[in-house]
Structures are given as structure tokens and as C-alpha cells.
Amino acid sequence: MSLQNASINVTHFIIGGFDTLSRPIAVGVAILITYLLAVLANIANIMFIISDKRLHKPMYLLICNLAVVDIVYTSSCSPTMIGVLLAGVNTISYVECLIQMCVGALGTAMESFVLAFMALDRFIAIIYPFQYHSYLTNTRVVVLTFILCSRLKYSFCDFAAVIRTTCVNPEKYFNEVAIVTFFIFFFTFVFICLSYCAILLFVKLSSNNEKKKMGSTLVSHLICVTVNYCPAFVRIIFTRFGVVLTLEERQGLLIGAVLGPCLVNPFVYSLRTKEIKQKFYKIFKKFHTSD
């Protein structure tokens, strides 16, 4: 959602970020289809993992947690964008807007922390395979993800669109948010990169079969990391260093940042994770046989 061209009407915001679109219905339908696919794919991943006790392992619990974060994140603003574009509902109450921004900010931060945690999981699994199950237990994974979520509950809100509707100079507030966001993205991204570097150094000493297996794991995670960080870095970080974006470009990056990871993540882990892929094939074969 964007309120960059919004005005305040008593207790409501008027959403005007899509006023310049030449084909709002087409964009709305595309967002609706992408949103439904993302939610259904993430729900499917969650159900696959919950229903199969063999998948009750740290790595799959993290995939399940990422799916939950994706659903919350994309649901924070996708319904509003769909309502504006398809139903013409272009107002949102002040309270609903604040809740939406807080949930969106929480989803953004949690997405980065979960990806960093998944990089740690792969680092331990590859570098210390025999100690893996003693270092990362199911209980520790659940507790750590809960702690991260609790501490970020009162995180900052991405109020760039809202602050532009006020009569104050927004630069001070934009810079403060950019600094906090930069540290979250920077430290998680650096941690992921360092984990990759250590894994790559270890892979060089491994056999060809091990290299292939490790490479497949790294590619899956790298795709998810790239889709998550690229739009965010351009939209939030680079603009603070002089990169000027048009409203349409900001809209595209925002929509991509919200819907991109939520759609890509479940399909990446479904198609590239052997156990989940086998589970999917069994269910598909069962339905095909019954028909």
C-alpha cells in the first residue's frame, strides 16, 4: 500500500498512490492472483510440515516459520491494495493504518531474521554435521524464533507514506527509520554472507557428491535472500544516498518487496527440498489415482 499522495480526512486516510495507473484493474487482478498463490503455497508448506512427523526437524521448522512470516507480511497490505484497485475502496482508518504499518514492519524485520537464522542452520549442518542435532534442537529453534518475534513487537513503523501527509519536514524522520532499517538489513545480510563464505570454503574440501548436495541447498537459500533484500535495499537504503525514484518506481519496488519473497519462498523450498517435494508428489499422485 502507498499513501504517498494521500490526504487526511478526519479519522481516515485517502489512498491516492494508485491514481496515476493507466490500468488499475489489470494491476489489481495481478496482485490478487499473486497474493492468493502466495498464501495458498505457504499454507501448503505449513500443512506438509505439520502433517509429516519426519519433517519435524529444525530446518523444516524454520521453513514453516518463514511461511507464517510470509503470510503475515503479505497480508499486512495486499488486501488493501486489492481493495483500492478492484473495489475502489480508497480509504483506511487511522487505527487500521497504524496496525497495518506495524505488522508490515514486523514482517520485514522477521523475514530478515528468519533468513539469517536459516543461514546459521545450514552453516552448522554443513560445517558441524555430527553436532547439528545437539546444537539445534526443535525446542531451541521454536524458543529462538519466539524471542525474536517478542523483541520486535514494538518495532518502528514504516511511516514514510503517512509522514508525507503532515506539515513537518520529513527528512529527519526518514533518516531515523533508514538508520534502524539499515542496521537490521546490514547485520542480517552480512551474517548471511559470512555464513556463505564459510560454507563455500568448506565445500572446496568436500567430495563431488557433497558439493552437489550443498550447492543445491545454498542456491535455494540464495534465491530467497536475493528476492528479499534487493527491493528493500533499493527502496529504503539507496534512496537515502541520493537515488531518486519516481512514484511508479517506488510503487513497483514496494509491491515487489511485499509479494516477491512471499510468492518465491514457498515454491523454492517446495521444488528444491527433497522431502517436501516427495510429500507433494505423493499427495498429487493420490488425488490423481482417486480420479
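This is a predicted model: local features need pLDDT of at least 70, side-chain atom pairs count only at pLDDT 80 or more; totals for chains, interfaces and linings use all residues.
At 1% relative accessibility, L62 counts as buried. Residues are numbered from 1 along each chain as its sequence is written, and side-chain values use heavy atoms, leaving out hydrogens and water.

Back to the leucine. L62 sits in helix α2, residues 58-75. Helices here are DSSP runs of H or I with at least four residues, strands are runs of E with at least two, and both are numbered from the N terminus. What does L62 touch, leaving aside residues up to four places away in sequence? The list is V114, F117, M118, D121, V141 and T145, where a contact means heavy atoms within 4.5 Å. Take M118 from that list: 56 residues separate L62 and M118 in sequence, yet their C-alpha atoms are 6.6 Å apart.

M118 has its own set of partners. With residues up to four places away in sequence again left out, M118 touches L62, I63, L66, H221 and Y269.

Now the cores. A nonpolar core is a set of buried Ala, Val, Leu, Ile, Met, Phe, Trp, Tyr and Cys residues, joined through side-chain atoms within 4.5 Å. The largest one holds 44 residues, and the members touching the most others are I63, L115, M118 and I192. Two or more residues come from each of α1, α2, α4 (94-127), α8, α9 (208-237) and α10 (247-272). Which element gives the most to this core? That is α4, with twelve residues. There is also a second, separate core of 21 residues, which includes V84, L254, A257 and V258.

Next, the chain as a whole. The protein chain has eleven helices and three strands. In order from the N terminus, the elements are β-β-α-α-α-β-α-α-α-α-α-α-α-α. Of the 291 residues in the chain, 44% are buried. Counting contacts between residues at least 6 apart in sequence, 79% join residues at least 24 apart.

The chain exposes about 15,800 Å², with 69% of that supplied by carbon and sulfur atoms. These areas are Shrake-Rupley values with a 1.4 Å probe, and for residues only the protein chains shown count as cover. One nonpolar surface patch, of about 490 Å², is formed by I25, V29, I33, L37, L86 and F267. A patch takes residues with over 30% relative accessible area and no salt bridge; like charges are joined within 9 Å, and nonpolar side chains (Val, Leu, Ile, Met, Phe, Trp, Tyr) within 5 Å. Helix α1, residues 24-51, provides the largest share of the patch, four residues. V29 lies in α1 and is partly exposed, at a relative accessible area of 36%.

Aromatic rings now. Rings of Phe, Tyr and Trp (its six-membered ring) pair if their centres lie within 6.5 Å; planes under 30 degrees apart are stacked, over 60 edge-to-face, and the rest tilted. That rule gives six aromatic pairs. One of them is F183 with F187, stacked, at 5.7 Å centre to centre and 20° between the planes. Both residues are in helix α8 (residues 171-203), four residues apart, about one turn of the helix. F183 is partly exposed, with a relative accessible area of 41%. F187 also pairs with F186, edge-to-face this time, at 5.5 Å between centres and 75° between planes. F186 is partly exposed too, at 35%. Elsewhere, ring pairs link F123, Y128 and Y135 into a cluster.

Last, salt bridges, meaning a side-chain nitrogen of Lys or Arg within 4 Å of a carboxyl oxygen of Asp or Glu. How many does a search of the whole structure find? It finds two. In one, the side chains of D52 and R54 meet at 3.0 Å, N to O; D52 is buried at 8%, whereas R54 is exposed at 55%. In the other, R122 pairs with D121, with the closest N and O atoms 2.8 Å apart. Here R122 counts as buried at 15%, and D121 counts as buried at 1%.

How values were computed: Buried means under 20% relative accessible area, exposed over 50%, partly exposed in between (1.4 Å probe, protein chains only).
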